[in-house]
Structures are given as structure tokens and as C-alpha cells.
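Here are some notes for a colleague who is opening this structure for the first time. Please keep the sequence and the model in view while reading.

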Amino acid sequence: MGAPYLADTIAAIATAPGAGAVAIVRLSGPDAFAVARRVLRSNAGGSLGADGLESHRARLARLGLSGRTSGDGRDAPDVVDEVLVLPMRKPRSYTGEDVVEIQCHGGGTVPRLVLEQCLAAGARVARAGEFTERAFLNGRLDLARAEAVAALIEARTTEAAHAAARQVAGELSQRLTAWRLDLLDARSLAEVSLDFADEELPLTLESDLRDRLDALKLAISALAATWESGRRLRDGATVVLLGAPNAGKSSLFNALLGRPRAIVAADPGTTRDWIEEEVAIAGVAVLLRDTAGVRTAEEAVEQAGIRAALELARGADLTLLLLDGSRAPDDDDRRLVEATRDLRRLVVRTKADLAPGWAPTEGALPQVAVAVSAVEESGLAELRAQVAGKLLRQTDTDGLVVLHERHAIALARAASHLDEAGTILRSGHDLEIVALEIGAAMAALDEILGQCDVEDLLDRIFSRFCVGK
Amino acid sequence: MLMNNLDVIVVGAGHAGIEAALAAVRLGARVLLLTSNLDHVGQMSCNPAIGGVGKGHLVKEIDALGGEMGLAIDETGIQFRTLNTRKGPAVRASRAQADKALYRQRMKSRLERTPGLGLRQGMVEQLLVAGRRVVGVVTETGERYEAGATVLTTGTFLRGLMHIGDAQMPGGRAGDLASRGLSAHLEALGLPVGRLKTGTCPRLDGRTIDFSRLEVQPGDLSPTPFSFRSAGLTQRQVPCHITWTTSQTHALIARNLERSAMYSGRIKSRGPRYCPSIEDKIVRFPDRERHQIFLEPEGLETVEIYPNGLSTSLPVDVQAAMVRTIPGLEQAEIVRPGYAIEYDFVDPRALHSSLECRTLERLFLAGQINGTTGYEEAAALGLMAGLNATRAVRAEPPVVLGRAEAYIGVMIDDLVSRGVGGEPYRMFTSRAEHRLLLREDNAHARLGGLATEIGLLDEPLARAVEARAQEAASLRALLQSTLIRPADETNQALTERASSPIRQPVRAIDLLRRPEADWALLRTLGVELPTDVESHHLSVLLDLKYAGYVDRQRVLADQVAGLDATLIPAWLDLSTLPGLSAEVRERLTGARPSTLGQAARAPGITPAAVATIALHLRRRAGERSRGGA
Ligand SMILES: Nc1nc2c(ncn2[C@@H]2O[C@H](COP(=O)(O)OP(=O)(O)OP(=O)(O)O)[C@@H](O)[C@H]2O)c(=O)[nH]1
Ligand SMILES: [Mg+2]
């Protein structure tokens, strides 16, 4: 017989664990203010009093970190932290409920003790994502924004965080809502001549409808196409270094990392297995993989490594194919060029500091994208830029990118329904089917905003949120 | 017939009351039908037509449920047309001009000849209430009638007030008295009574119209009847005519606008947007150079003409001058002026989906009292109310049609979960999210089985409906099994019809799916089809052609059915549910959804709110099952 849902008050540490100077413990729920009163005391040491917590006004207070702490000020505990309290009355808060945020000293211990005091005073610990879930249930966030919160928390680079923040701020929702209205408009153009059979309607109605559908389809599919970039922004991307033995893979790997992680040696076949490290390249969290040099080798271990390298390249977002600039390309190089032809790749000429062993225009070899020297650390900036260009496509969506596969699928579906609507309209067939397709496109957008299938979506989405937001 | 041991009393003999009474009688109920004027049974107060887009669909559904409207219009219709023939199968709709007087007479004599049905004149002023239950009615002359259930179909008569210019006349419609006591009584009983407005056109003397200068709008050459039961159409067919307003019309109206009852501030309630007065059209669309007017005959034996599109509440002198600014009407005489009418209605959110009042058992409401407009909407509601009133008396569960099952289901669900939102509710096909499933041609296929099962169809009719379904099944089997081989003549015939030739044998069913293919083409190719496929099996053809879309709508309908199947139990108090905004709570309290589907469709209900209710239901269900262990 649990307490009714949303009737209880939850608490959690809202800031990232670790060494920050300040941490925030957040309370949300009908008893948030009461719990805060129980754990807080005025600086003079007495209870806060009835009006001690004024909404949307920060105040200083004391909070006992051990022993019994009660608002009546008896049993003064030994350790006391000075805290900054920000009370927010519903509905003007993140969750739409009464919220109290307590800023205490950071580190591993103090925030945990503050949380424990709150729990002892009647709050229960929040489940993962529960603050955002409540914000959604109280109508403070639509689904797209709630999901963006998850993406924001998971963001591993500033750029990813920025993209997510724009959606938390509602930019995606706004655009979808605007499109939804446009679709509604378009649909009304179709519906009016269906439901009002004998009326005199403007002759331009169908061409108007056609134009609107085409424009919407373009805009929506452009946004759908940003998912490839969005996924890489959010989840990062894998980039594999591939090349003949001794091509300079490990050297470039280290140069991009900025530290000597892989063993570099003059003997070919130094790297036997692949190794990986994360490095930020133009805002993308890149998992960089150094592989074994690929050639027709006799040694069985190396053979396996080579197969693995090609396998890795196939699974990666981008392959850097390294050609040793100090010697003429051989059959191994040509085989690699061939084997990676269909992959997303950049051809990199290494050892640019040495005398060129082949002319850049040499036939049968693909265009070299960039020449680098690991020794002189030259060409690295250019390489980073090229990598970013391959990983993040230019968009014509004013910088808005899709950060969730669910959104991308729904957008693509909306676009394909609009495409179908346009085709039917042009073929002069049933307007009724055109209306149906527009309706289906709207339903697809509604899925992103959370207007249907809410039940199924909820579990999937909220299980992904971290504690504290 | 003795006026005791009544099962059902129906108040009002308009389109709703007639269907309510007849449906109840079909189920074997003893029925009393009370009307304030026996000469106005089945009166068409507004335009002389039945059907139209969405409305024709309702008539077909009424017919499939054993109702009367389709048969009556087939017998008294004087022009039949199918609308939207080129816009898609589901919006194709039937419409007919009626001879109003014939229609009235035909309905009255049908009622008079129906055993088990008593038809009486009497103005009901009060209900007899015992506890929470309505047990009968009292007329203004003091007669008391008791019955197991009561159906109110009082149309626009509740506190009806007509406006012409600055003149105001109480009345249910021109020539009929308004009911004054009843709506106050309903209000006193706690029903939420509101006010709506509608209007009608002046009627013209056809002898003063110069038809020779006007565009003729003929009926279809070989019209199809509305009713499954009609053998054919019997009345002489006549055309309508079309004319347009002119800049003089618009200038005249603009000059006199403040003399219109609608614009002088005398009428507070808003008129329907889909049926605007001519004043509204000119104010709201000042750029339109002209507005179309259909001149519809009111009957074969009368000279009265209904100028459809000229609804107005201007003073009579302005109406007369306005009419004469219209080509063909330069000499036209008005025989009855147009007017606006305000009347009381009961917010339909006070009703269950059975049309029974939530707070007053055994009281059912149907027709314009529910805030709808239109003869067809009224008739459909009447039929369902008569059906469910009878079932209530017998302690049988109500029949509620789904949104993917019938327009009637869409309408009632809209009414009870969304209300009418300030203007009378009219059926549109765009209200139905599963439009492709709800076609005129498949009304019997959709509803025939149910109608038979609940006893709305008599033996022979039930057998005929069943036989039709069997024929359709064997026709589909025939198409499935017939192979068309790529012979020269075959391919030549295909090419002639702009259809691509075939190289391998093709099943007739697959050939028929081609957009350009029809029954005639199959016949040309030597397929032996029954002679009545064109007239009787359109739905077989349309189901095939739109199979992909129809399947898609089925899937959607099934998903919605999931939400609709999730009942919101009475113990869940939506007005105090945590996690809902005050606004949402207020709207939910007004809408009183009984399923999650209804909650989702209620206006202003956010998806988050639906999710919240769903979460509560799930959590409470979990607690209950745990708690019960
Ligand atoms: N001058 C010069 N030498 C380089 C450069 N990059 C790599 N080398 C040398 O080339 C040799 C091979 O370098 P590695 O980075 O180990 O090459 P690798 O591709 O990882 O070789 P394997 O792991 O054996 O496949 C080493 O002797 C490096 O010092 C460069 O940019 N300039
Ligand atoms: Mg190496």
C-alpha cells in the first residue's frame, strides 16, 4: 500500500558527483518545504519560522550534518554546514511541484550527508530521471524537451551539450509545433473540398497545397538527415586508423591524442592488436582506434590482427587510410585502397616531413585528403577539420540537429508520407488519400512531441535519465 | 392503444423522435410519441434536403440499423445526386431534395400504421422523477404518462426565440410554439442547460423567379436510392438552379448590418461557422465578389423555393430588397422571411455514450437538444436513444458504436467527451479519423450484423442483409480464383482502357486493383460477373482498390481501441488527481471521460495529462493487486 503517486517528496543530489566546490541537493514534492524546514535552521541557530522560506528568494541557512536535526533547534549537532537555499513554489519550478534546492559544499561527503538528512526528514530518494519525469507529467516539459534533458546530461562535449541545450530550451518542439500547424493548414486545404462538396473554392487550392507539401517535405527530411550528425554528436564516433605496417598509424594516433599511448617502432608489425582512446575532435567525442598494419603476412597472429582491422574499419564511422609518404605505394597499399573503397574514409599521407616517395598525383591511388607529419605535428589541424567534415554533415536546418533515433525515424516517416501525398496530388488522384497521408505525417510529428503512444514511450524514455535531472 | 404499461415515451416527433420511437417499437417496446403539433411530424424546419457529405453517411448507417430516414427520402425525394464522385471513395456521399409535405405525410402515416406505437399531441412541461430516475412526463394540460424510459427530442423548441431584425418572437420554429417550462425544469433537475443559435433562409415564390436566366443543376441520371430496402425512386425528378449574390447585395447588407438581429447585439450566442448567415459571409469574407445561392424546390405541389445560402436575420424589408439584387430574383417575392433562432440545449457531456443522462437514470436525450444540427444527426441520435432506452428498460447493456465502426459512433463520442464548443455540432467526414473504413457503400457490411443481433432488423430484412454479405463473399472468391490469360484480345482491351498489357496470367482480383480497372473491364475480358455488381457490390471493389490504406486505418483503429478499452474507473477522482494542472483538471471534470481514449480526445487535454492518468491507473492497479494478496 504505497503512497499515491506524485504525492510523495523526492530528493537527490542534482550536481555531478566529484570534486566541484558546490553541490546542490534538490527536493521536489508536496512536502519539499516541510522537509527543508525540518533540516534547516536559521544562522542564529533557531528554527526557520513559518515564513522562513520565501518562494524564488535565495537565503542562507545552517544545516546539521550529523545527529538529530530538528527545526526546533534542540540537540544541536556537531558538524554544521552553511548552505544557500532556493525555495520555489509550484508551479514555477523545474518539476512544476514545490521545489527546494539546497546548495552545500561539494565533494564526496557533504552532499551525501545533506541528502541523508533530507531522507531522514521524510523525503525519499529519487529514481533515475524522476525529476524530469515529474516535469513531464506536470506539463512543464513536452516529450521532445524531456528527452533533450537526457541528451544534455549524457553530452560528452560542449558542442553536444549545446545541441541538446537548444532542444531543452524547446527549439525542436517549437519547430515541430510550427510544422504541425503548417500541416494542419495543408490538411485543411484538402479537407475543405471534401467536406464542402458544392462550395466554390479558390482555384489555386490544389497548387497551393502542392507547394506547401513540397516545402514541408524538404524541411522535414532535412532535419531527419541531421540524425547521422546528431548521433555522432551525442554518442561520439569511432575512427579507425588503417594502413600498411610501418605507415605511421601509431605515431599519428599518439599525435592526435597528444600523448605517447601506443608503442612506436621502426619495425613493421609493431602493433599486433588494436587499441583505442577517446579524444574530442571538433566537438565530437571520437573513439580513435589504432590497428595492426595490414599486409599479406605469414605470421598467423598478424593475419588475425589484419582481419580484425578491416572488420573494425567496416564498423567505424570513419576510416583514416594511411599511406606512407616516404616510399612508393606497394601492393599492400593498393589492396587496402581497394578494400576500403566503399567505406567512409579519408586518405592520409604520412611522414610529410620526409622526402616524398611518390608524387601526390600518382595514378590508381585515390586523392590524398591531407598530408601529416607526426614528428613535426604538421597537418593535424587540417586533418581534424577534415574528420569533423566527414562526421558532421553540413545542415540546412539552422544548426538544429536530431539527437534521438526515435525522432529521426518519425521525421523520416513524416517526410515519406508527405512525399506520397504530393505524388498522389500530382497524379490527380483522390484528395481523400492526400488528406490521409497528411494526417499520417502529423501523427508522426505528434509521436515526437508525445501526443500518442504515450504509454510505451514513457518507460523507454524515463529509464534513461540520471538522478538529479 | 392504452396509455399504460408503456416502455418508452418519446417527446417530440421530429427526425430524432421518429427514429427513437420506431427503433423502440422494432425491439418490441410499447411506445408513446408525444408531439406539440401533429401536423408537423417529420417537419424539415430548414432546407428541403437530406444527405450530403457526412450526413449521407449517417443516413446509410441509420438505414443499416433498420431506421426510417433512408426509406422515407427515397419515397419522397425529387432530386438525387452523388457528391464528391472524383475525390475519393469514402467522401462520396448521397444527397436528395425532398418534397417536404410528402415527407411529413409519409412519416406521419408510417407512425400511425405502426402497431405498438401511440402518437398523441401534447406539450410536455415536466418530467416525473422518482429519486434519481425519470419515470414519466406531465403535459401542460396536466396529462401524466408513466414509462420505463423517456427520450427527449425537443429540437429547437426549448425556450426558442426567433429574431427577424429587431423583432423577437418566442417559438420553436416559424408557426410552432416554444416550450417554456421544460428547460427550466431540466435546469432545476441539475442538467447543464446552455444556449445555441442557428438560422434559416427566407422562402421565395417560385412563380416570381426567372429560372430561364439561371444555371440548371440537374440530378444524377441514374440515381441510387439511400435505402437498402428501396426498390427504386418513385417521385418525378426536378432540377435545382444556381445563382450568385452581387456587389449590390453586399452593399445593401453592409448598409443595413446593424439592423440584423445577429449584428445588433440582440443575439449573444454564436452562430454555426459552417452555416453562416449571408451577413456573416459578407463581414468575414469582404474580398469575395459573390456567394453562391442554390434555389431548391420545397416540393412538387408548392411554388415555394428555398434559396440555400441566404440564411439571414435582417428585417423583412431588407430581406425583400436584398433578394431582388440577385440575378433571376429581380421580381422575386418572399413568402416567408428568414430568421435566426436561439434555443436551449443540454451540454451533451452530461450524457453517457448510451445518450442516457449521467445524473438522471432512464432519461435519454437526442437531436438538437444535444447541441447538434441537421436532420440526419438528429435521426441518428434518435435511433440510438430509442434503442438504448428500450435496452435500459430491459436491463440490457447499452449499444455503443465505436469510432472506427460508424459515423454515429464518432458523433456520440465527440458529443459526450468533447461537448459542442459553442456552435451546433454538425457531422463532417474529417471528424472521423478512420474515414476510409466508414463509407456509405459499406454501411450495411459494417452494421448489418450488429443490427440483426440486437433485433433492429425484421426477419426478411436480416435475411436480405445476410444474403448480400454472402454474395460479396462469393464474389471475392470468384475474383480470387479467376485467372485472366495474356491473349491478344485481352491485351488489346487493356490497352484501350489505358491499362498496361499482361504477360503472365493475372488473377481477376489483382487486375481489379489497378486504378483504371472496373467491373466493366472485367466483363470485357470475359469474366462472368453477377449482373448486380455495379449497384450492390461497390464495397467489394473499393475495399480492393484501397486495401493498403484500409489496412493502415485498421491498424490505427486497433491502437486507439486500446486506449478506448482502458476504462477510467469511477473511484479515480480526476478533479483531485496529483500531477494534473488546474486547467486540465477543470476540463476533465467537464468532459468526464470514461475511457483513456475519451480523455485523450477531450479538448485541451495534453498528452502529458493522458500519460499521468495512465500512470496512475497502472500504479493503482499494481497497488490493488499487491494489496489484495
Ligand atoms: N619522419 C617521420 N617518421 C615517422 C612519422 N610517423 C612515423 N614515423 C616512423 O615510422 C615508423 C613506424 O611508425 P609507427 O607509428 O609505429 O607505424 P605503425 O603504422 O603503427 O606500424 P605498425 O604498428 O608496425 O603497423 C617509426 O619508426 C616512426 O618513428 C613521421 O611523421 N615522420
Ligand atoms: Mg603501430
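The numbered points below go through confidence, cores, a helix, some backbone details and cavities.

1. Please bear in mind from the start that this is a predicted model, and that the confidence of the prediction therefore belongs at the head of any reading. Chain A has an average pLDDT of 79, with 82% of its residues scoring at least 70. Over residues 67-74 of chain A the pLDDT falls below 50, although the model gives this stretch 19 contacts beyond near neighbours in sequence. Residues 1-5 of chain A also stay under 50, and for them the model has 10 contacts beyond four places in sequence. Where pLDDT is low, the predicted coordinates should not be read in detail.

2. The largest nonpolar core is made up of 151 residues, and those with the most contacts inside it are A:L209, A:L411 and B:M384. Helix α14 of chain A, covering residues 431-449, gives the most to this core, contributing 12 residues. Another core lies apart from it and has 27 residues, including A:A237, A:A247, A:F253 and A:L288.

3. Which residues are in contact with A:L209, once its neighbours within four places in sequence are left aside? They are A:A186, A:L189 and A:A190, together with A:L425, A:L431, A:V434 and A:I438.

4. In chain B, helix α1 runs over residues 15-26, and its 12 residues reach 17 Å from the first C-alpha to the last, which is close to the 16 Å expected at 1.5 Å a residue. Because 11 of the 12 residues of α1(B) are buried, this helix is largely enclosed by the rest of the structure. Among the buried residues are B:H15 and B:E19, along with B:I18, B:L22 and B:V25. Just after α1(B) comes B:G28, which takes a positive phi of about 95 degrees.

5. A reader checking the backbone of chain A may wish to look at the peptide bond that joins A:K90 and A:P91, which is cis, with omega at about 0 degrees. A:P91 has its place in the loop between β5 (80-88) and β6 (99-105) of chain A.

6. Two alanines of chain B deserve a separate look. B:A395 has a positive phi of about 60 degrees although it is not a glycine, and its place is in the loop between α9 (375-393) and α10 (407-418) of chain B. Is B:A395 buried or exposed? Its relative accessibility is 69%, so B:A395 counts as exposed. B:A498, which is not a glycine either, has a positive phi of about 60 degrees, and is found in the loop between α13 (488-496) and β22 (506-507) of chain B. With a relative accessibility of 68%, B:A498 counts as exposed.

7. Rolling a probe the size of a water molecule over the atoms shows where empty space is left. The count comes to 2 cavities of 30 Å³ or more, and about 40 Å³ of space lies in the largest cavity. Its lining consists of B:F80, B:R81, B:T82, B:S94, B:R95, B:D220, B:P223, B:T224 and B:F226. Both β4 (77-83) and β5 (93-98) of chain B supply at least two residues of that lining, and β4(B) gives the most, with 3 residues.

Notes:
Residues numbered from 1 in each chain as written. Chains lettered and ligands numbered in written order. Predicted model: local features only at pLDDT ≥ 70, side-chain atom pairs only at ≥ 80, totals over all residues. Heavy atoms only, no water. Core = buried A, V, L, I, M, F, W, Y, C linked by side-chain atoms within 4.5 Å. Buried < 20%, exposed > 50% of the residue type's maximum accessible area, 1.4 Å probe, protein only. Helix = DSSP H or I, 4+ residues; strand = E, 2+ residues; numbered from the N terminus. Contact = heavy atoms within 4.5 Å. pLDDT = per-residue confidence, 0-100. Expected span 1.5 Å × (residues − 1). 1 Å grid on protein atoms, 1.4 Å probe; cavity = no way out; pocket = protein on both sides within 12 Å on 5 of 7 lines; lining within 4 Å. Points joined across faces, edges and corners; volume = space filled by probe spheres on them.
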